[in-house]
Amino acid sequence: MLNILLMDSNFYLMSGLSALIFNQCTDVHKEEVLFLLPSQEKNHDIADIIFRDDMVTIRIFNQRSICTSHGSGRKGDEGMTIHVPFITKNLTLDEISIKIGKILSIARADYNVLVNREEAYWNFGLKKYAQLSDTENDVMILVGRGYDSTDISRILNRSRKTISTHYRNASRKMGAVNRAEFYRYASFIANCRRDERNTLCL
């Protein structure tokens with residue numbers, strides 16, 4: 001069973017999104033989906049997938065560490081978190097459904113399959129999607145922390161023109177159509193306070 005939390009502020013968008021998710025789950029895998037209420041704080045801890053405004057968080061836990069956590073039934077600490085930009089303004093319903101299908105497939109995946117990132121990209125058909133380079137990821141995080149291009153060029157020891165190129169490339173790969181969408185996602189990632197690269201562009 002997948003625990004899904006919808007935290008979008010737009011009621012109509014949430015209704016349509018829940019219908020698309022439900023259709024993807026029943027059409028392909030015939031599995032149960034539990035939609036959690038965002039008002040309950042504990043639901044944030046047990047959600048496998050969290051849909052927020054313009055982004056999705058997928059949490060994959062190592063089933064082996066769950067089984068060995070003294071039979072408590074609690075999810076173990078070992079796992080990974082993947083963030084996906086989910087900007088759908090210029091997409092058709094079919095394209096949104098395909099993106100949701102990929103998100104659900106990743107959420108169902110075994111932790112050990114996803115540890116090898118290159119193999120996981122191949123298994124889930126993600127090879128055709130351009131992913132952020134290390135420098136693009138660094139630029140995104142620094143933008144999210146509030147630095148401007150002059151500061152970022154000094155921090156990364158690159159020219160402002162190079163920083164602008166990395167920004168444009170990262171924005172294009174994420175599907176952001178304006179600076180506000182890019183900044184909203186970048187500031188969320190910057191506030192996660194994790195060093196690993198955990199953005200997956202679909």
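Arg184 is partly exposed, with a relative accessibility of 34%; here buried denotes under 20% relative accessible area, exposed over 50%, and partly exposed the range in between, computed with a 1.4 Å probe on protein chains only. The model is predicted, so local features are reported only at pLDDT of at least 70 and side-chain atom pairs only at pLDDT 80 or more, whereas totals for chains, interfaces and linings use all residues. Residues are numbered from 1 along each chain as its sequence is written, and side-chain values use heavy atoms, with hydrogens and water left out.

A search of the whole structure returns 4 salt bridges, a salt bridge being a side-chain nitrogen of Lys or Arg within 4 Å of a carboxyl oxygen of Asp or Glu. One of them joins Arg184 to Asp54, with the closest N and O atoms 2.5 Å apart. Arg184 belongs to helix H10 (residues 179-191) and Asp54 to the loop between strand S3 (49-52) and strand S4 (55-61), so this pair ties together parts that are 130 residues apart in sequence. Helices (H or I, at least four residues) and strands (E, at least two) are DSSP runs, numbered from the N terminus. Asp54 is buried, at a relative accessible area of 16%.

Helix H10 also carries Glu181. The salt bridge between Glu181 and Lys89 has its closest N and O atoms 2.7 Å apart. Because Lys89 is placed in the loop between strand S5 (79-85) and helix H4 (93-108), the pair ties together parts that are 92 residues apart in sequence. Glu181 is buried, with a relative accessible area of 1%, while Lys89 is exposed at 56% relative accessibility.

A further salt bridge is formed by Glu136 and Lys173, whose closest N and O atoms are 2.8 Å apart. This pair links distant parts of the chain, with Glu136 in helix H7 (residues 134-144) and Lys173 in helix H9 (residues 160-174), 37 residues apart. Glu136 counts as buried at 5% relative accessibility, and Lys173 counts as buried at 19%.

Helix H9 also contains His166, which is buried at 16% relative accessibility. With neighbours within four places in sequence set aside, His166 is in contact with Thr135, Glu136 and Val139, contact meaning heavy atoms within 4.5 Å.
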